[in-house]
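Reader: I have a model open and would like to go through it with you. Could we begin with its surface and then turn to particular regions?

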Amino acid sequence: MGRFEELENFVHIVEAGGISAASDRQNVAKSAVSKRLRQLESRLSAELLTRTTRRLRLTDIGERVHAEAVRLIQDHRTLDDMARAAQTELRGPVRIAVPLSFGLRHVTPALNTFLQRHPELSVQADFSDRRVDLVGEGYDLALRIGELEDSSLRARRLATVRGVVVSSPAYLGHAGVPTTPAELSTHHCVRYNAGIRGRWPYTGPDGERGVVRVDGRIQSNNGDYLRDCIVSGFGIGLLPEFFLQEELRAGTLVACLEEYEWLSAGLYALFPHSLRMPLRVRALVDYLAEAFTRFNAQAPPGRDGDGA
């Protein structure tokens, strides 16, 4: 029996007016109530109650112990209430790291809607393509696109981001339209300088898989810059579809080799291991998963391609 339970038992006896009534209140045997009282008195080396034939009366030390026990129990209940509220109410801060281009285009409106729904929440958003140290830098959550490398973090897949091969009408007009993946090796290709780099995996219409090696004079770690270079006629690129929607609609970019499925990447929510994730963080992850279901609808069936 813990010390706190002994104090609670003592307060029940005083409030109920006796051991029998305290036994009924706690739904435990009278012998257990008496034993807990004796244990408390033994530990404190003091008699807390004087027993008469009709009632129990607090001793002087018993009155002081009772007052302090009531205060401790109230403080304990307040802490319990605060902890429960933190797990049942969406309030407090969330610190999140988000990829720069994807974050500005797609996470920003989702975050703003989420904050409008939950006015007691606050968000600190870091828009950057660097891999943050979630634990060391104090982040609650990070969104990442691509392969997962840090096994010390928990992860939830939110969506699939589809890759599309695109070029400008001007470039295709003078360089020709590729009809097979192998022909890409003869073109100027605008590409990322990280991740897949100069190797573009694909799956053909009949399910055959392959990789084409590409080269070109423009590389970057930023998809917006690569897209603008492709629009300007510098070559062909393989980019996530979310970078390209406006340009494809406007016709400033044209999709190539659409019968092939190009590398798709997973969009993940990463968070530190903990016994209990705060409700505000879990609710935000659930909301983002729902908000990004449109990417899953656009992704070809049966393809994952993120290697995670």
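Author: This is a predicted model. The chain exposes about 16,600 Å², and carbon and sulfur atoms supply 48% of that area.

Reader: And what percentage of the residues is buried?

Author: Of the 308 residues in the chain, 41% are buried.

Reader: How many helices and strands are there?

Author: The chain contains 11 helices and 13 strands. Among contacts with a separation of 6 or more, 74% are between residues 24 or more positions apart.

Reader: Let us take helix H2. Which of its residues are buried?

Author: H2 spans residues 19-26, and its buried residues are Ile19, Ala22, Ser23 and Gln26.

Reader: Why do they count as lying on the same side of H2?

Author: They lie on the same side because they cover an arc of only 105° around the axis.

Reader: What do those buried residues pack against?

Author: The buried residues of H2 pack against H1, helix H3 (30-44) and E2.

Reader: Turning to pockets, what is the volume of the second largest pocket?

Author: The second largest pocket holds about 160 Å³ of space. Two elements give two or more residues to its lining, namely helix H1 (3-16) and strand E2 (56-58).

Reader: Which element gives the largest share of that lining?

Author: E2 does, with three residues.

Reader: Which residues line that pocket, and of what classes are they?

Author: The lining of the second largest pocket consists of Ile13, Val14, Gly17, Gly18, Leu49, Arg55, Leu56, Arg57, Leu58 and Glu63. By class, five are nonpolar, two polar and three charged.

Reader: How many cavities of 30 Å³ or more does a search of the whole structure find?

Author: The search finds one cavity of 30 Å³ or more. The largest cavity has a volume of about 60 Å³. It is lined by 11 residues, and the closest to its centre are Arg162, Gly163, Val164, Tyr260 and Trp262.

Reader: Which elements give two or more residues to the lining of the largest cavity?

Author: They are strand E6 (153-167) and strand E13 (261-272). The largest share, four residues, comes from E6. The lining of the largest cavity has seven nonpolar, one polar and three charged residues.

Reader: How far apart are Glu147 and Tyr268 in the chain and between their C-alpha atoms?

Author: Glu147 and Tyr268 are 121 residues apart along the chain, while their C-alpha atoms are separated by 9.2 Å.

Reader: Finally, Val123. In which strand is Val123 found, and why does it count as partly exposed?

Author: Val123 is found in strand E4, residues 121-127. Val123 counts as partly exposed because its relative accessibility is 28%, and that class runs between 20% and 50%.

Reader: Which residues is Val123 in contact with, leaving aside its neighbours within four places in sequence?

Author: Val123 is in contact with Val94, Ile96, Leu111 and Leu115. As for Arg95, Val123 is 28 residues from it in sequence and 5.8 Å from it in space, C-alpha to C-alpha.

How values were computed
Residues are numbered from 1 along each chain as its sequence is written. This is a predicted model: local features need pLDDT of at least 70, side-chain atom pairs count only at pLDDT 80 or more; totals for chains, interfaces and linings use all residues. Side-chain values use heavy atoms; hydrogens and water are left out. On a 1 Å grid over the protein atoms alone, a cavity is a set of points where a 1.4 Å probe fits but cannot get out, and a pocket is an open set with protein on both sides within 12 Å along at least five of seven lines; lining residues have an atom within 4 Å of a point. Grid points are joined across faces, edges and corners, and a volume is the space filled by probe spheres set on the points. Ala, Val, Leu, Ile, Met, Phe, Trp, Tyr, Cys and Pro count as nonpolar, Asp, Glu, Lys and Arg as charged, and the others, Gly among them, as polar. Buried means under 20% relative accessible area, exposed over 50%, partly exposed in between (1.4 Å probe, protein chains only). Contact means heavy atoms within 4.5 Å. The arc is that of the directions from the helix axis to the C-beta atoms. Accessible areas come from the Shrake-Rupley method with a 1.4 Å probe; for residues, only the protein chains shown count as cover.
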